[in-house]
Amino acid sequence: MRVFPAQAATVRLLTLSLCGALINQGSTGRRNLLCIALLFLFVPPCTYAEGDSATVYRTASGFGFRVEVIAQKLEIPWALAFAPDGRLFVTERPGRLRVIENGQLKSEPVATLPDVLHLDGGEGGLMAVALDPQFATNHFLYLSYTTRSDGAIINRVVRYREAKGALSERTIILDNIPGAQVHDGCRVAFGPDGKLYVTTGDATERQLAQQLDSLAGKILRLNSDGTTPADNPFPGSPVYTLGHRNAQGLAWHPTTKIAFSTEHGPSGFDGPGGGDEFNLIRAGENYGWPVIHHGQTHAGMEAHLLSFTPAIAPASGTFYSGTRLSEFTNNFFFGAVRGQHLHRVVLAPPDFTAVQSHEALLQGTFGRIREVVTGPDGALYFTTSNRDGRAQPGPKDDQVLRIVPEK
Ligand SMILES: [Ca+2]
């Protein structure tokens, strides 16, 4: 029997309430035994599925797909990147870069970064991995991570040369991005123009998102060596867009090459909850945070394409660029950690700049879903994030899974 988290939580709550009521009536041995029996009967040991590849899931329109397990027992996998040779690199937020080769997760990490700051209950640590568009020849691999510098929490983008499963020639590409325990970014992705894009959080200082001289709350555009491109929208500045609270997903439509991003909305202390965003990204535009959020508008500031209240916490973003999952071709996907699902966005032809429909897939089935990428095999790969301190992990968490067609 598959037990869904919401149901399991309800059953657990009811059982514990009943036990509490029994105990409140005066504890006798018999009542305690009854309470323990109830707990064993009704409290499921594990709340999340572990990838039963026979189960067929369906979209709202009836398209069937299955989910297969690729790797298990990872610790907070944050990003995935396929190498041209088929290897799959996986970052684990505490600081390890792992690799899956020929379907097997190698037991030894490719690297363990010694200076990664991974705070309990925080959102930083080792985050993105991105491969150079010329990786097959130059073997450059980029990572973003949180660390301390002169006592302050910062984020850093570094480049290594990868060879035979080991890293060398460490080079700092971008340093001293404001960081914090939360709202910490930090997606790194190559655009179709060959430039290196970095999303940064506001590091809990809202006003920084509107300041052009701060790297916080931005999408940045760099040459792959870290220098500033001459054709950036703000001359001499790495800022590509501003007014972001904490964007963690960035991807380009496979045919139009237009960029889209996901962003976490406020969480109570810095604004009303919810207001997570899906945005169309254009060079030089201001996406509003913290001046506008949720459905607010303001002259000179961009409105979102989608907003989610209550929060679902979009943690990634990719276009499915394959054809094997025929219904998904050129759809945008992101993992919703708090929403515990994979979100699918269908853009409307012929321009693909407006949303035609969107839906939540795998709701509650695998717990918190974070990263999602297209695999070279035409499957859609995604990761769970149940060990990040904000969920009850199962014994096989965290997982790397893939969506394949029903048949
Ligand atoms: Ca916005």
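**View 1. Strand β5 (residues 96–101) is joined to strand β6 (residues 104–105) by two bridges, and the two run antiparallel.** In this predicted model, local features need pLDDT of at least 70, side-chain atom pairs count only at pLDDT 80 or more, and totals for chains, interfaces and linings use all residues. Residues are numbered from 1 along each chain as its sequence is written. Strands are DSSP runs of E with at least two residues, numbered from the N terminus, and two strands pair if DSSP finds at least two bridges between them. Glu 101 stands opposite Gln 104 in β6, and in the hairpin of β5 and β6, with two residues between the strands, Asn 102 takes a positive phi near 50°.

**View 2. Strand β4 (residues 88–92) pairs with β5 in the antiparallel sense over five bridges.** Glu 92 stands opposite Arg 96 in β5, while Gly 95, in the hairpin that has three residues between these strands, takes a positive phi near 135°. Arg 96 also stands opposite Thr 112 in β7, a strand (residues 111–112) that pairs with β5 in the antiparallel sense over two bridges.

**View 3. Strand β21 (residues 332–336) is largely enclosed by the rest of the structure, because five of its five residues are buried.** A residue is buried if 20 or more other C-beta atoms, placed from the backbone, lie within 10 Å of its own. Phe 332, Phe 334 and Ala 336 cover one side, with Phe 333 and Gly 335 on the other. Phe 332 is the bridge partner of Phe 319, and Gly 335 has Leu 342 in β22 as its bridge partner.

Notes
A residue is buried if 20 or more other C-beta atoms lie within 10 Å of its own, exposed if 12 or fewer, and partly exposed in between; C-beta atoms are placed from the backbone. Helices (H or I, at least four residues) and strands (E, at least two) are DSSP runs, numbered from the N terminus.
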